Amino acid sequence: MGTHTALVKQGPVVLAVDDDPGILRIIELLLARSGYAVKTAPSAEKAIEILAPAHTQDPRMVLIQNSLSKSHAGRAAALDKLNRSVEA
């Protein structure tokens with residue numbers, strides 16, 4: 001499992017962000033079985049990289065672990081950038 005994982009090529013893209021690889025794997029498997037193309041990121045910073053303009057397929061949904069924004073000031077800033085990227 002990498003930060004740019006996509007188990008299913010067709011279907012809406014979902015980006016899952018969590019620092020626990022086990023949780024990411026469960027989310028990835030469940031959503032892929034439901035027909036979603038799943039991308040994963042272990043941090044808000046990596047999620048921002050995935051959402052960069054160079055990527056052609058924007059996610060329809062972003063699932064992010066709530067505590068990622070509270071554990072470190074830098075992560076809070078990254079989460080703010082992530083929110084702005086999704087809204088744009």
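The legends below accompany several close-up views of a predicted model of a protein chain.

View 1. The protein chain has 88 residues, of which 31% count as buried. When contacts between residues at least 6 apart in sequence are considered, 70% of them join residues at least 24 apart.

**View 2. Confidence along the protein chain.** The mean pLDDT of the protein chain is 75, with 59% of the residues reaching 70 or more. Among the elements of the chain, helix α1 has the highest mean pLDDT, at 94, whereas helix α3, which spans residues 73-87, has the lowest, at 64. Over residues 1-8 the pLDDT is below 50, although this stretch has 28 contacts in the model beyond near neighbours in sequence. Where pLDDT is low, the predicted coordinates should not be read in detail.

View 3. Three strands in the order β2-β1-β3 make up an open sheet, and their pairing is parallel. Strands β2 (37-41) and β3 (61-64) stand at the edges, and because each has a single partner strand, one side of each is left without a neighbour in the sheet. Neighbouring strands of this sheet are turned against each other by 20 degrees on average, direction ignored. Between β1, which covers residues 13-17, and β2, the parallel pairing extends over five bridges. One of the residues to look for here is V13, whose bridge partner in β2 is A37.

**View 4. Strand β1 and the cover on its two faces.** How many of the five residues of β1 are buried? The count is five of five, and the strand is accordingly described as mostly covered. Both faces take part in this picture, with V13, L15 and V17 buried on one side, and V14 and A16 buried on the other.

**View 5. Helix α1 across the sheet, with the salt bridge between R25 and E28.** Helix α1, made of residues 21-33, lies across β1, β2 and β3, and runs at about 170 degrees to β2. Within this helix, R25 and E28 are three residues apart, which is about one turn of the helix. Their side chains meet in a salt bridge, with a distance of 3.0 Å from N to O. Side chains of opposite charge can pair when their charged atoms come close.

**View 6. The salt bridge between K46 and E49 in helix α2.** The structure holds two salt bridges, and the one shown in this view joins E49 to K46, with the closest N and O atoms 3.8 Å apart. Because they are three residues apart in helix α2, E49 and K46 are separated by about one helical turn. Are these two residues buried, exposed or partly exposed? E49 is partly exposed, with a relative accessible area of 41%, and K46 is likewise partly exposed, with a relative accessible area of 33%.

View 7. The C-alpha atoms of A44 and D18 are separated by 8.2 Å, although the two residues are 26 apart along the chain. For K46 and V17, which are 29 residues apart along the chain, the C-alpha atoms are separated by 8.6 Å.

**View 8. The largest nonpolar core.** Which residues form the largest nonpolar core? This core has six residues, namely L15, V17, A41, A47, I50 and L51. Strand β1 and helix α2 each supply at least two residues of this core.

Methods: Residues numbered from 1 in each chain as written. Predicted model: local features only at pLDDT ≥ 70, side-chain atom pairs only at ≥ 80, totals over all residues. Heavy atoms only, no water. Pairing = 2+ DSSP bridges. Helix = DSSP H or I, 4+ residues; strand = E, 2+ residues; numbered from the N terminus. Axes fitted to C-alpha atoms, helices over the stretch in contact; angles between N-to-C directions. Contact = heavy atoms within 4.5 Å. Salt bridge = Lys/Arg side-chain N within 4 Å of Asp/Glu carboxyl O. Buried < 20%, exposed > 50% of the residue type's maximum accessible area, 1.4 Å probe, protein only. pLDDT = per-residue confidence, 0-100. Core = buried A, V, L, I, M, F, W, Y, C linked by side-chain atoms within 4.5 Å.
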